[in-house]
Structure formats: C-alpha cells, structure tokens
Amino acid sequence: MYFQLTEEQKLIRETVRSFAENEVAPSAAERDENECFDRELMFDKVAELGLAGIVFPEEYGGAGADYISYAIAVEELSRVCASTGVTLSAHLSLGANPVWLFGTEAQKQEFLKPMAEGSKLGAFALTETGAGSDAGGTRTFAEREGDEWVVTGSKIFTTNGGDAETYIVFARTDKDAQKHHGISAFIIDKDTPGFTFGKKEKKMGIRSSPTRELVFENCRIPADRLLGKAGEGFKVAMKTLDGGRIGIAAQALGIAQGAYEAALNYARERKQFEQPIAGFQAVQFLLADMALRIEASRLLVYQSAWRASAGLSYGKESAMAKLSASETAMWVTTKAVQVHGGYGYTRDFPVERMMRDAKITEIYEGTSEVQRLVIGTAITRG
Amino acid sequence: MNLDLNEEQSLIRATAREFAAAELEPVAAAFDRGEQQELFLENLGKLAELGFMGLNVKGEYGGSEAGVIAFSVALTEIARACSSTAVTVSVNNMVCEVIQAVGSEEQRRSYIPRICSGEYLAGAFALTETGAGSDPAALTTVAVKDGDDWILNGSKIFITSAPYAGVFVVWAVTDRTAPKGKGISCFLVEAGTPGCLVGRAEEKLGQHASATNEVLFQDCRVPGSALMGRLNDGFRVAVGELAGGRIGIGSLGLGIGLAAIEAAGRYALERKQFGRSISDFQAIQWKIADAATELEAARLLLMNAAFRKEQGRSFAKEASMAKLFATEAANRACYEALQIFGGYGYTTDFPAERYSRDVRLTTIYEGTSEIQRLIIAREVLRSYA
Ligand SMILES: Cc1cc2nc3c(=O)[nH]c(=O)nc-3n(C[C@H](O)[C@H](O)[C@H](O)COP(=O)(O)OP(=O)(O)OC[C@H]3O[C@@H](n4cnc5c(N)ncnc54)[C@H](O)[C@@H]3O)c2cc1C
Ligand SMILES: Cc1cc2nc3c(=O)[nH]c(=O)nc-3n(C[C@H](O)[C@H](O)[C@H](O)COP(=O)(O)OP(=O)(O)OC[C@H]3O[C@@H](n4cnc5c(N)ncnc54)[C@H](O)[C@@H]3O)c2cc1C
C-alpha cells in the first residue's frame, strides 16, 4: 500500500486546478443561471490541456495517463463547476471509452482519435422513457437492410446531447429477444439524416450541461457502425458504465470538496455571538464530518481508478466509490448551505448551486439503489 | 389523551386543503418560475377573507380565534401546495400575534384588522441584519429620540414579504449603553414612511414566490406612538414570538414533506422497471415507510407544542423540538422522494425538485437547526440543575 500521488498526478492536479479556478469558476454561476453550455470553455479548452482522452494511448490521440489522473481531472473541474466535470466524464467515459473497449481498429481511428484529441465531443444514449434503471426495457430498434442499419426510436436524458458529434446509441436488433438480450451498440454521427434532437430538459442542477432527447426516424447508418458484436450491446453498456462510475464518483468528490472548502472559509470569517462560527462545536463537528466523509470517498474513488488502470476487476469497487462519493456530496453540500445560514440559501454564494448539482450524482449512471444492487449481488454471490 | 382534531379544527383543515388544491397547487410551479406574481398576491387576499391571517387572534381584532392547533394544520395544508404562500401566511400570523401580545390597544386596532382582512396583504417581521442572524441581540439598527418622534437608521436583511407588507415590526437599539440584548426596542413602521425603503431582492434556492428583501432605514422618522411594548424590552419580545413562529415553520416543513412523499408514492405505484412497479422493490418501500413514520412523529410534536401554547403553558422547548424534528424529517423526505422519481425527479416536469429546494430553507429561518438544539439543550439541562 502506497498512498501517495505520483509527480505526474500531482502536476495534473495543479494544472487542472489552476485552469478551473482561473477560467471555469468565474462563469459557473452565470452559466447555471442561463442554462448555458459554453463549449469553448467547457470542452475545447479542457481538451487543450490534454484531458479529453487523458487515459487513452498517445497513438489514439490520448495522453497515456492513468485513471487516477483522470479522476483527479474530473474532481478538480467539478470542484468549481459540476457541469464542466460531467461534460468531460460523459465524453471520455461514456462516449470515447466504449470505442476503446469494443471498437475495431478502423473505428478507433475514425471515432476514438478525434474524441480523444478533443476535436469531437462524445455522448452516450442508453436511457429511454421506459428504460431507466432497467436497460432491458429498450424500445429503440435497428433493422438490418443490406449494408445499412435503420434505426428508429428515441432516447432521453442524453448528456452532451445536441452538442456532441459522436453518439454511442443502444438499440434492439433482435425483436424477439427479451430484456437485455438482443440489444446492440452503434456509433452514430450527429449529422446523419433521420437523426434529430427533441426536448432539452429543464433541470434542478448541472444546468450548464445540456441534457437532450434524441430522435431516430428511419435513420440509416453504415453496417460498420455497429460497435462490438450484434446482440452484445448490454455488455457494452454495462462495461462502459463500470468505468463511467469512476467519472461520476470523481465529479461527486469534486462537488463535495468545493462545498467543504466554501463552508470552512465561511465559518472562519462569519462572526456571531462575538466569535467566528467555526468556534462553535456544532459547526466544527459538521466540518469534521465533511472532511472525514470526503477523505473516505476519495480513497474509494482512487482505489477503483487504480484497479481500472492495473487491469483488475473494478465493477464492485466503482459502484462503492460512486455510492459513497455521491451520498457524501449530497450530505456535504446540504450541510455547507447550513453552515452559511440564510446566506447559503441565496445565489450570492455558490453552495446552493453545489447542492442542486450534487443531487444528480445519486441518480445518473445508476441510481444509489442500483449501486446497492450491484454491490449486494457481488458480495452475496460469494 | 385525545389526539383527534375537534370539529372546528377539522373544518379549518378541510377549508385549507380545498383552497390549496383548487387555487395554489395548479400554479405553484409557475410561481416558482417567477410567473403570475399578481395571482400570488390575489390569493393572499382570498386567504385573508377565509380567516387564515389571524388564526390565533381574537375576534375583536378581526382574527378567527381558532387557536394554535388550527394554525398548525392550516399551514401544513397550504404548504403541501405552495410553501411560498405558506410562509407568507405564517409570518402574517406572527406579526398579528406579536401586536396582539405587546401592542397598545390603539396599535392593535389600527394594524391587526388590516392584516386579517387582507387590506394589508402582509406584515413583515424585521429582525435580522447582516451582522445579526442567529445572534439577533447583535443588531445595530438604531432608534434615537427626537422630541416626541423616533428616528431610525440602519438596515435589515432577509425580510419576508417586504415589497407588499403594509407594516413592519422593526427591532432597533434604543439604549446603546445597555448590556447586549437589554437596550433593544420594537417599533411599528408603516410601509411608505419616508426613509423606510425596500432594497435589493434576494435570489434564492427556493420559495421563489415569497419575496425576501433588504429593508433600509435612512433617517426614518416615526411618531412616539410607533414604539410597541415597553422601552428596551424588545429583545425579550422577539425571542418569545420566534417560539410561536417555529410552530408555523415546522408545520410548513411538514406540509412540504407530506406533499413530496405523496407524489413519490403515487409515482412508485405507476412507474415500471424490470417488469414491475418500482413500489414492489423494498428499496423504495423503505424510503416511503421511513418518511411516513418520521413525518407522523413530527406532526405529533407539532400538535404537542401547539396544544401547550394554546393552553397558555410554556412551549419554547416543545416548539424548538417540533421545528427541529419536522424540518429535518421533511428535508429527508423530499430528497428521498426525488430519488424515487429517478432521473425524472431531477427535471422540472415533476414537483420533487421544487419541494427539495423549497424545504431546504426550513432548517435555516426562524432559528437554524443548530440554534434549536442550543435552546433544547439549555432547557433540558436547566431542568436537571
Ligand atoms: C441530467 C441527467 C443526465 C443523464 N445523462 C444520461 C446519459 O448521458 N446517457 C444515458 O443513457 N442516460 C442518462 N441519464 C439517465 C439516467 O442514467 C437515468 O435517469 C437513471 O439511470 C435512472 O433511470 P430513471 O430515471 O428511468 O429512473 P427509474 O429507473 O424509473 O427509477 C425510479 C426509482 O426506482 C428505483 N429502482 C428502479 N429499479 C429498482 C430496483 N430493481 N430495485 C430498487 N430500486 C429500483 C430507482 O433507484 C429510483 O429510485 C441522465 C439523467 C439525467 C437526469
Ligand atoms: C428566505 C429567507 C427569509 C427570511 N425571512 C426573515 C424574516 O422575515 N425576518 C427576519 O428577521 N429574518 C428572516 N430571515 C433570516 C433568518 O432567520 C436567518 O437567516 C437565520 O436566523 C440565520 O442567520 P444567518 O443567516 O445570519 O446565519 P448565521 O447566524 O451566520 O449562521 C451561520 C451558521 O452558524 C451556525 N451558528 C450560529 N451561531 C451558532 C452557535 N451559537 N452555536 C452553533 N452554531 C451556530 C448557524 O446554525 C449556521 O449554521 C430569513 C432568511 C431567509 C434566507
């Protein structure tokens, strides 16, 4: 056991932190207010730092770094702006990673490389109205016609939807198969005829991250856009989400860290009853519990990231990391508002935004209940 | 022990529920988006007509004389539909009650009927300042005697209903040499008095339709008759009134929690995943069971505090316990409810996210949870000393 970051990982933290504080943080409140996705800032500049494909080998446009470095990058971005954090996480873990894991060499060259380099933004479309926690309810269909697949159906809640160029889309290719059988994964370009965008969700938080509906009406795509084998889509989705959980866990960790620091600073400055409120045990204990829960979550996140890079299994560990970090983020942000008193409830301080942002981490890429199912099944199977 | 509501209380609850369902619920989401402000105010007028602005106020001043339990159940029902409306009603009642408790006969007759009848859509309770939140005795707004008049200077922050309040109950320092908390007095300042200005509106996490503003006093001259209660006795008055207000905010929190868990329960019955209603999963059932249990306990604590106040017994500890427990239970209930909605809960298509934002305030205003714990501990320890 060796609990120290490498020089490279430390450097990444410093670089991303300085970018996040100087460039991302100043507009975070305004982008939240206006539900504005600023692509140049939130993706292009992030890509310039080499983060868009940080974990992929250099020959595929990546930076060849490990998953801990990636987690640190998402954490640091989310510490000031959770929307910017999820943009990177959805792009890398959900858009690019399935191509890395399941793509052919040609697909990697054509799709992974531009995503890793940051010239294209990625997205992942699994969820449908009837298929949320239960992906087996997928009702988007893809039918083979000659050299093409014809895709029909719709997806909801797609992060980066409408702004991304490359979409990983799940559709049922075997009409007779039940539940999670007979689903396949496809790579679909934004400007494909028959592929349009529906409603943009109005949300409680991560309001500068776009969430859109995708609509496919007789959308024809070449046969070589099938990702992995036909009928293997459920596996593609599950493997992808195992990795994605590291990203969301890191996002939650960053939100929690940002809120904790804000609360700590405020508690030291704010005076009531002739002393800084940090002098009251009631406040100190909140800060102590925040620090404790964040540190425990951080170790779970880095452990799952380390396992991913070391080639060990990490499905259970990433579920634990996501569950712990997201519930920590919700708890810490809620208490950070409390430490700010009435001011915390106003938009003059960032903690109310952080609290709204934190809630989504308990929902997407598998709700907390689904993480408990994953962990519970893994540990009772023996 | 009889835990039933009496006939009058049941009737008031039914009236509140009907009004809330018909007039408030359909527009609460629009209010939250900042729309239909006029309708929000119109509804306050209607609630006044129904007698909800002075529930625990004597009939001779235009109140309904229905008591504290009725006040609690009415607020809960209103908050189930719209917490911004509920907080306005709660503060109006508190303002009427403080005037009834310490005001002169003339002050009672000139202000309480106006609030109860809806002529004034609201009254405001102006205690908090930037440097005086949990520690209101630290307030620095001053009132200086000038002949028969008083001249007020200073500023208040976070004042509910300020833009449409007809009268402000204002706390100011009248004896700067007195020890902390001993030189504060209470004044009634009419809206529009020169030098009394409504300032910046706060942008908030929730309860958007209820206005929260700064109120400024710049050489604001009020007559000697504006002093309410005894000179330099204002802090004691504030502390006493806040205890009653806590029953209001606890009841309000309970209403939001009940609304959230009801919406989530209905959704869970309908929503199917893995070929079953999600209400079939224990993970979902447990959330509903826990929330329902905690909210029921909260209701009983509120009823107990309200009953004691109604009986004229001490109730500060009980009110703090009820507020602490009800608002924290309601917060948990709202977040669990949102969770039951899954991704849909995070969107504005369903009310769960609004409930979660609205409920967050309840553990902050009228004394944070930490302050409630201080009060409870102090009272409990005193009884052992
Ligand atoms: C802002 C946002 C961004 C998103 N981004 C993406 C994206 O980029 N790509 C994508 O594909 N999806 C995305 N999603 C969808 C997200 O992953 C789903 O919302 C999530 O998986 C939950 O599905 P659901 O909303 O249908 O909830 P449901 O599955 O209907 O769940 C409702 C409730 O039931 C519980 N439940 C369900 N099944 C069980 C069970 N077996 N046992 C116990 N409890 C259970 C859930 O935990 C939850 O509490 C996004 C969602 C949002 C809101
Ligand atoms: C929307 C809104 C409406 C409001 N309406 C009104 C109104 O109509 N009239 C009015 O007068 N006020 C109103 N308030 C003010 C409200 O009552 C105060 O915000 C509240 O009392 C807390 O004060 P503060 O915000 O200054 O927080 P602070 O007192 O600065 O508290 C910050 C943190 O320190 C903690 N703390 C403080 N002292 C102690 C201690 N001794 N021990 C342990 N912990 C402590 C608090 O619990 C909190 O967690 C409103 C506030 C809001 C946000």
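From which domains of chain B does the shell around ligand 2 draw at least three residues each?

A: The model is predicted, and local features need pLDDT of at least 70, side-chain atom pairs count only at pLDDT 80 or more, and totals for chains, interfaces and linings use all residues. Residues are numbered from 1 along each chain as its sequence is written, while chains are lettered from A and ligands numbered from 1 in the order in which they are written.

The shell around ligand 2 takes at least three residues from each of two domains of chain B, namely domain 2 (125–232) and domain 3 (242–384). Domain bounds come from an automatic or database domain assignment. A residue belongs to such a shell if its C-beta atom, placed from the backbone, lies within 6 Å of the molecule.

There are 34 residues around ligand 2, and A:Gly341, A:Gly342, B:Gly133, B:Ser134 and B:Glu370 come nearest. Because residues from chains A and B surround ligand 2, the site is shared between chains. Helices (H or I, at least four residues) and strands (E, at least two) are DSSP runs, numbered from the N terminus. Sorted by class, the shell around ligand 2 contains 19 nonpolar, 11 polar and four charged residues. In this scheme Ala, Val, Leu, Ile, Met, Phe, Trp, Tyr, Cys and Pro count as nonpolar, Asp, Glu, Lys and Arg as charged, and the others, Gly among them, as polar.

Ligand 1 also lies between chains A and B. Of the 35 residues around ligand 1, those that come nearest are A:Gly132, A:Ser133, A:Glu369, B:Gly342 and B:Gly343. At least two residues of the shell around ligand 1 are supplied by each of strand 1 (122–125), strand 3 (148–159) and helix 12 (368–380) of chain A, and by each of helix 7 (282–310) and helix 8 of chain B. The shell around ligand 1 divides into 19 nonpolar, 12 polar and four charged residues.

The chains themselves also meet. Their contact takes 30 residues from chain A and 28 residues from chain B, where two residues are in contact if their C-beta atoms, placed from the backbone, lie within 7 Å. On the side of chain B that touches chain A, at least two residues come from each of helix 8 (316–340), helix 9 (352–360) and helix 10 of chain B. Helix 10 of chain B gives the most to this side, with three residues. By class, this side of chain B has nine nonpolar, 11 polar and eight charged residues.

B:Glu366 is placed in the loop between helix 9 and helix 10 of chain B. Its phi is near 55 degrees, a positive value in a residue other than glycine. B:Glu366 counts as buried because 29 other C-beta atoms lie within 10 Å; a residue is buried with 20 or more other C-beta atoms, placed from the backbone, within 10 Å of its own, exposed with 12 or fewer, and partly exposed in between. B:Glu65, in the loop between helix 2 (37–49) and helix 3 of chain B, likewise has a positive phi near 55 degrees. B:Glu65 has 15 C-beta neighbours inside 10 Å and therefore counts as partly exposed.

Chain B as a whole is assigned domain 1 (7–120), domain 2 (125–232) and domain 3 (242–384). The C-alpha centres of domain 1 and domain 3 of chain B lie 21 Å apart. Their contact takes 20 residues from domain 1 of chain B and 21 residues from domain 3 of chain B. Helix 1 (7–32), helix 3 (68–81) and helix 4 (83–102) of chain B each supply at least two residues of the side of domain 1 that touches domain 3. Helix 3 of chain B gives the most to that side, with 10 residues. That side of domain 1 is made up of 10 nonpolar, six polar and four charged residues.
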